[in-house]
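This briefing goes through one structure by topic: a loop residue, a helix, and the nonpolar cores. Please look at the sequence and the model before reading on.

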Amino acid sequence: VSIHHSIEDEELLDNSFKALYNKIDWLAETEKFTFLKCYNNKYITANYFSNILSVSNEHYGIINLALPVQAIKSNIRKSYKSLINWGERNLQIRLINHSNPEKLVFDDFKKFHISTSGRQTRNDRTWEIQYEMILNGEGYLTAAFYNNNLVSANLFLHGTEEAFYAVAVNDRKLMSDNIPIAHYPIYYSILHAKKIGMKIMNMDLIDQNSEDIKKNNIAKFKKGFVNTVVNRTVYHFKLN
């Protein structure tokens, strides 16, 4: 859950966070939650400070979309340039957004993700919410086809200024055959975010300290597109 506020009245803001703490405590009791994960929020950190279990850092790859297109491309890892060019020549992109809400393509994306993952990692309601966000102009899906088959798909969600890398899937067989199906769809998605007025593209976590080889490879792949990295302090609190 992200917390945003525009409250200037300090007493009202203080009371609002107290109401939030009561809600968190109620959830801890009713839903049996045992810990709270929070990015550095000075109010929440102060309230649960005595219950800190651990403190760590996470790093997010950020693309500055205020730059000209040529500068965005020049910041991409050099080895990606020819792979992006290959994708532009050989892949067919279908952009699914609020003005082109092709439900069948989105459903194929969901099936593709489940079959590639070997399991359904998100429940049906989560997939429905993601599609509803597309309908509401809060996200878009970049679907890439090769020889008329869906081989890569990337879902990006966004507000008024920031686009966020949410879900991606690629044909593992083609990737193992060194066919570069993944690079151009990401580049296309970045340029689309710029086109619709986004100021930054958040490529999510790029940390390399995981023991999960797959996650490390994904992080390394995403890092090749970004020109800045943002550090966020993460707190884990024990809930009574």
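This is a predicted model: local features need pLDDT of at least 70, side-chain atom pairs count only at pLDDT 80 or more; totals for chains, interfaces and linings use all residues.

In which loop is I76 found? I76 sits in the loop between α3 (69–74) and α4 (81–90).

**I76 and its surroundings**

- The relative accessible area of I76 is 3%, under the 20% limit, so I76 counts as buried.
- Leaving out residues up to four places away in sequence, I76 touches K81, I84, Y187, G224 and F225.
- I76 and K223 are separated by 147 residues in sequence, yet their C-alpha atoms are 8.8 Å apart in space.

**Helix α1**

- Helix α1 covers residues 10–31, and its 22 residues should span 32 Å at 1.5 Å a residue. The C-alpha atoms at its ends are 31 Å apart, which agrees with that expectation.
- The buried residues in α1 include L13, F17, Y21, I24 and A28. These residues cover an arc of only 85° around the axis, so they lie on the same side of α1.
- On the other side of α1, the residues E11, N22 and E29 are exposed.
- The buried residues of α1 are covered by elements that include β1 (35–39) and α2 (42–47).
- At the N-terminal end, D9 caps α1, with a side-chain oxygen 3.0 Å from the backbone nitrogen of E11.
- Just after α1, K32 has a positive phi of about 65°.

**Nonpolar cores**

- In soluble globular proteins, nonpolar side chains tend to be buried together.
- The largest nonpolar core has 23 residues, of which I63, L65, I186, I190, M201, M203 and F225 touch the most other members.
- At least two residues of this core come from each of β6 (162–170), α8 (183–195) and β7 (200–205). Helix α8 supplies the largest share, 5 residues.
- Apart from neighbours within four places in sequence, I186 is in contact with N154, F156, Y165, M203, F221 and F225.

Conventions:
Residues are numbered from 1 along each chain as its sequence is written. Side-chain values use heavy atoms; hydrogens and water are left out. A nonpolar core is a set of buried Ala, Val, Leu, Ile, Met, Phe, Trp, Tyr and Cys residues joined through side-chain atoms within 4.5 Å. Buried means under 20% relative accessible area, exposed over 50%, partly exposed in between (1.4 Å probe, protein chains only). Helices (H or I, at least four residues) and strands (E, at least two) are DSSP runs, numbered from the N terminus. Contact means heavy atoms within 4.5 Å. The expected span of a helix is 1.5 Å times one less than its number of residues. The arc is that of the directions from the helix axis to the C-beta atoms. A polar contact is a pair of N or O atoms within 3.5 Å; within protein, one must be able to donate a hydrogen and the other to accept it, and residues adjacent in sequence count only if both atoms are side-chain atoms.
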